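I opened this notebook to record what I looked up in one structure. The entries follow the order in which I consulted it.

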Amino acid sequence: MSHHILNRRIRKAGAAVLIAAASAVALTACGSNDSSSDAKGSSSSKSSQSDASIQSQAGNKTDKQAATLGSGADKAQATSECQPGTLRGALDSAGTSQAEMNHRGTFLKVTNTGDETCVISGYAGLALEGAGHTAIKTTARHGSTYFATDPGTHPITLAPGKSAWADLVWTTTGAGTAHAKYLQISPTGSNSHSTVAFNQDLDNGTLSLTAWSTKPPINN
């Protein structure tokens, strides 16, 4: 075999090896790119799922906060203080006689005439009036009376049309007698009041009363 023919065969064989090697490199590079793309796609998918989870949790948290605020607002509205203009004061014996040892008594009754539930607490404000609605010096003593134990100051929820009660007592020994004709009842102690007939002679213009209660307070 001549040297020229041998050299041509060697060159062809070398060229074939180079082409095969180049193809392998190209295929490896393509596979590497595809793998990288899959990894990025998987990462993006996980990131999207994570973001969706975070957004869902944030949404749930916001809904819970809104619900809490809503319930808080409802509660605040339900327990708001009764406005003086929606309360009507009256005297009511509640079918009970309070008369013993120069002590006389009846009940104060306050009714919620408004359209919303509210809360009342504490003691009523009182003022005596004589004939012609002239003012009489009045002393109101808070606490237990001769006939009832004071329940103490505590909140009472009044739905529309519902009432609260307090015991009202005075003495009639003839000491510094005040001749009353009317009684001002201020349910919350404000200037807003109801004026009712109160034709009574009482000592020194002094009245004793308990705090508001859910029912007529009386010692059995």
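**Entry 1: Thr 96**

I began with Thr 96, which lies in the loop between strand S1 (87-92) and strand S2 (98-100). I took helices (H or I, at least four residues) and strands (E, at least two) as DSSP runs, numbered from the N terminus. The model is a predicted one, in which local features need pLDDT of at least 70 and side-chain atom pairs count only at pLDDT 80 or more, while totals for chains, interfaces and linings use all residues. Residues are numbered from 1 along each chain as its sequence is written, and side-chain values use heavy atoms, with hydrogens and water left out.

I then looked up the exposure of Thr 96 and found a relative accessible area of 32%, so the residue is partly exposed. On this scale, buried means under 20% relative accessible area, exposed means over 50%, and partly exposed lies in between (1.4 Å probe, protein chains only). Leaving out residues up to four places away in sequence, Thr 96 touches Phe 107 and Ile 218; a contact means heavy atoms within 4.5 Å. I also noted Pro 216, which is 120 residues from Thr 96 in sequence but 9.4 Å from it in space, C-alpha to C-alpha.

**Entry 2: Thr 111**

Is Thr 111 buried or exposed? Its relative accessibility is 10%, so Thr 111 counts as buried. Residues up to four places away in sequence aside, I listed its contacts as Thr 86, Leu 87, Arg 88, Gly 161, Lys 162 and Ser 163.

**Entry 3: Strand S9 and its partners**

I asked which strands pair with S9, where pairing requires that DSSP find at least two bridges between two strands. S3 and S9 are antiparallel and share nine bridges; within S9, Val 169 stands opposite Gly 105. S9 and S12 also run antiparallel, joined by two bridges, and here the bridge partner of Val 169 is Ser 208 in S12. Eight of the nine residues of S9 are buried, so the strand is largely enclosed by the rest of the structure.

**Entry 4: The open sheet**

I traced an open sheet of four strands, ordered S6-S5-S10-S11 with antiparallel pairing. Its edge strands, S6 (135-136) and S11, each pair on one side only. Between S10 and S11 I found eight bridges in the antiparallel sense; Ala 180 has Gln 200 in S11 as its bridge partner.

**Entry 5: The nonpolar core**

I looked up the largest nonpolar core, which has 26 residues. Such a core is a set of buried Ala, Val, Leu, Ile, Met, Phe, Trp, Tyr and Cys residues joined through side-chain atoms within 4.5 Å. Among the residues with the most contacts inside this core are Leu 108, Leu 168, Leu 183 and Trp 212. The strands that each supply at least two residues of the core include S3 (103-112), S9 (163-171) and S10 (177-186).

**Entry 6: The whole protein**

The protein has one helix and twelve strands. Of its 220 residues, 27% count as buried. Of the contacts with a separation of 6 or more, 78% are between residues 24 or more positions apart.
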